[in-house]
Amino acid sequence: MKKSLIICSLLFLTFSCRNDSENESKTEDLIGVWQQSKSVIYSGKDNSVLGTYPNDDPCEKNATSEFKSDGKLIISEFYTNNSNVCVARPIVIKNYTYDTSTKQLKVNNTLEGEITKLTNSNLELTANYHYDDNGDGIPDIYIDYYFKK
């Protein structure tokens, strides 16, 4: 009986610790080049989807955000000009901080939002907008979805 209790206790501790570490986002996971796949607006009232905006423009989908280990964020954006040519905008370099305990991402000391999911290949950023998209009097939730290149 004692052996069974000890084994059960060890298994419980093993799986409990494993789950905690799996759910913990690490700053190292943020480092790299990210590309936005879509933005989704959810109702702040009932969490229903108000709009989904895929990043499917052939030119704009070249845009990337690169988080460097030295706290620099390099933003590359593109647009289609009047001649229908894909043109790169000037590269923008900003400073960022990411607090793993609060999940807050700040760019140039301004809160961009909360990283609600971060793995080595996926990032979900709940943007710090306080806008009521559907006019029901409750601010809606804006989530940007990214994948690592």
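Modeller: Two strands pair if DSSP finds at least two bridges between them. Helices (H or I, at least four residues) and strands (E, at least two) are DSSP runs, numbered from the N terminus. With that in hand, let's visit strand 8, residues 104–107. This is a predicted model, where local features need pLDDT of at least 70, side-chain atom pairs count only at pLDDT 80 or more, and totals for chains, interfaces and linings use all residues. Residues are numbered from 1 along each chain as its sequence is written, and side-chain values use heavy atoms, leaving out hydrogens and water.

Gln104 is a handy landmark: Asp99 stands opposite Gln104, while in strand 9 the bridge partner of Gln104 is Glu114.

Now for the turns. Strand 7 and strand 8 form a hairpin with four residues between them, and Lys103 in that turn has a positive phi of about 70°. The hairpin of strand 8 and strand 9 has two residues between the strands, with Asn108 at a positive phi near 50°.

Which residues of strand 8 lie on its covered face, and which on its uncovered one? Leu105 and Val107 make up the covered face, Gln104 and Lys106 the uncovered one. For burial, the cut-offs are under 20% relative accessible area for buried, over 50% for exposed, and partly exposed in between (1.4 Å probe, protein chains only).

Of its 14 residues, Leu30, Leu105, Ile115 and Leu123 touch the most other members. Strand 4, strand 7, strand 8, strand 9 and strand 10 (122–127) each supply at least two residues of this core. Take Leu123: not counting residues up to four places away in sequence, its contacts (heavy atoms within 4.5 Å) include Leu30, Trp34, Ile115 and Tyr145.

A friendly word on confidence, given as pLDDT (the predictor's confidence in each residue, from 0 to 100). The protein chain has a mean of 86, with 83% of its residues at 70 or more. Residues 1–23, however, stay under 50 and have zero contacts beyond four places in sequence. Where pLDDT is low, the predicted coordinates should not be read in detail.

Methods: Core = buried A, V, L, I, M, F, W, Y, C linked by side-chain atoms within 4.5 Å.
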